[in-house]
Amino acid sequence: MSKGPSCRKHGAAAVPQAPLMRIDPVPALLHSGNAAASFFTRRDLLDEQVGSLTEVWESPAARKLLARQQADGSWRPSGRKQEVYPPHHHSLVETFKRFRILVQRYRFNRESAGLARAAEYLLSCQTPGGDIRGMIGNQYATYYTGLILSLLIEAGYADDARVDKGMRWLLSMRQDDGGWTVPLLSRTLDAATIRRITSEYAEPVEPDRTMPFSHTWTNMVLLAFAAHPVYRDSKEARAAALLMKAGFFKPDYYTSYQAPNYWVRFAFWWPNLLTALETLASLGFSASDDDIAAALAWFVDHQREDGLWDVAYALGREGKDEPGKPEERLWLTLRICRMFRRYGTL
């Protein structure tokens, strides 16, 4: 594959060009018509001096996300929802969804009063043990606890004692091999039992620690460790990261999200090849690592002709699945570019 030029001009600024990328993605990001995406492209990829983050926070798209926030910091989903246990389940899920986009996409932090109220609501769902409870009934949700903690840390809560309690809880929930799974998946339970214990009150199912880790859910848990300035240096995080990256492009051990194609499905909040590479960069891994080099090459090979990436792909066969909305491709591409830059290739 031919290499692109070492840099290209975009107005008065110059941006280092990834030596492996076939197409420079920056023009598409800059001229997308999305003011927030352009702001972050200029700031994070072109190293330009830009205005305050509050400009992005005041954008119509961000303000729409903040609309209808409740006094307790939560959001309630629209429409009628079937009652499940616990009573706060639907509000927790809706608040998590909005909180994720506000933090990951628009870079909200605890300086925003609305974001701070939402953070307090999420933390109000923490049990005395440290996990965030209510995403799947009264069951342990190691993966959601990891993701929610990562968002809280990114928003400025790394030094909060409740976050530290959550991190210690995650460490206590590892499998014997050093990775994580969802405790429910480590037990042999029929579908009817799973539906019952995740929709009404039931004591949490304890994990069978002898069962293998899941690279999918380890990927999601490790987001918290990658975000945390102290726990990212832990030997436990590095050991789990080694397990995870050895599974690139392979099927998971468990039936939930088992297919290899999930590695290259970038929709919503589910873990994938991009989240794994972001985590590995935060944990100190480099592009010289064989697994990481192969993963970066996959992104290079699957870049669209317009410089963007699709939301989902299929492994092992021609064609793509779920090309996604143009705006989703735009935000995904910005995130991929940030990741490449962290490895020194953009």
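The structure is a predicted model, in which local features need pLDDT of at least 70 and side-chain atom pairs count only at pLDDT 80 or more, while totals for chains, interfaces and linings use all residues. Residues are numbered from 1 along each chain as its sequence is written, and side-chain values use heavy atoms, with hydrogens and water left out.

## Overall form

The protein chain has 14 helices and 2 strands. Helices (H or I, at least four residues) and strands (E, at least two) are DSSP runs, numbered from the N terminus. The C-alpha trace spans about 60 × 45 × 40 Å along its principal axes. The radius of gyration of the protein chain is 20 Å, which agrees with the value near 20 Å that a compact globule of 346 residues would have. This radius is taken over C-alpha atoms, and the globule rule is 2.2 Å times the number of residues to the power 0.38.

Of the 346 residues in the protein chain, 55% are buried. Buried means under 20% relative accessible area, exposed means over 50%, and partly exposed lies in between (1.4 Å probe, protein chains only). Among the contacts with a separation of 6 or more, 68% are between residues 24 or more positions apart; a contact means heavy atoms within 4.5 Å.

The accessible surface of the protein chain is about 15,500 Å², and carbon and sulfur atoms hold 51% of it. Accessible areas come from the Shrake-Rupley method with a 1.4 Å probe, and for residues only the protein chains shown count as cover. The chain has 43 positive and 39 negative side chains, and the centres of the two sets lie 3 Å apart. Lys and Arg count as positive and Asp and Glu as negative, whereas His and the chain ends are not counted. Each charge is placed at NZ of Lys, CZ of Arg, CG of Asp or CD of Glu.

## The core and the covered helices

The largest nonpolar core contains 103 residues, of which Phe99, Phe225, Leu273, Leu277 and Phe299 touch the most other members. Helix α7 (residues 142-157) supplies the largest share of this core, 10 residues. A nonpolar core is a set of buried Ala, Val, Leu, Ile, Met, Phe, Trp, Tyr and Cys residues joined through side-chain atoms within 4.5 Å. Leaving aside residues up to four places away in sequence, Phe99 touches Leu115, Ala118, Ala119, Leu122, Leu151, Leu152 and Ala155.

Helix α12 is mostly covered, with 10 of its 10 residues buried. Leu273 and Leu277 are among the buried residues of α12, and both also belong to the group that touches the most other members of the core. The cover over α12 includes α10 (215-227), α11, α13 (290-301) and α14.

Helix α2 (residues 35-44) is largely enclosed by the rest of the structure, because 7 of its 10 residues are buried. These residues are Ala36, Ala37, Ser38, Phe39, Phe40, Thr41 and Asp44. Their cover includes α1 (26-30), α3 (53-57) and α14 (326-342).

## Loops with particular backbone geometry

The loop between α4 (60-66) and α5 (89-104) holds Gln82, and Pro86 is found in this loop as well. A cis peptide bond, with omega of about -5 degrees, joins Tyr85 and Pro86. Arg68 also has its place in the loop between α4 and α5. Although Arg68 is not a glycine, its phi is positive, at about 65 degrees. Arg68 is exposed, with a relative accessible area of 65%.

Tyr257 lies in the loop between α11 (235-245) and α12 (273-282). Its phi, near 55 degrees, is likewise a positive value in a residue other than glycine. Tyr257 counts as buried, at 19% relative accessibility.

| Pair | Residues apart along the chain | C-alpha separation |
|---|---|---|
| Gln82 and Ser199 | 117 residues | 9.7 Å |
| Gly156 and Phe108 | 48 residues | 9.5 Å |
| Asp290 and Lys245 | 45 residues | 9.9 Å |

Gln82 is exposed, with a relative accessible area of 67%. Gly156 is found in helix α7 and is partly exposed, at 32% relative accessible area. Asp290 has its place in helix α13 and is exposed, with a relative accessible area of 66%.
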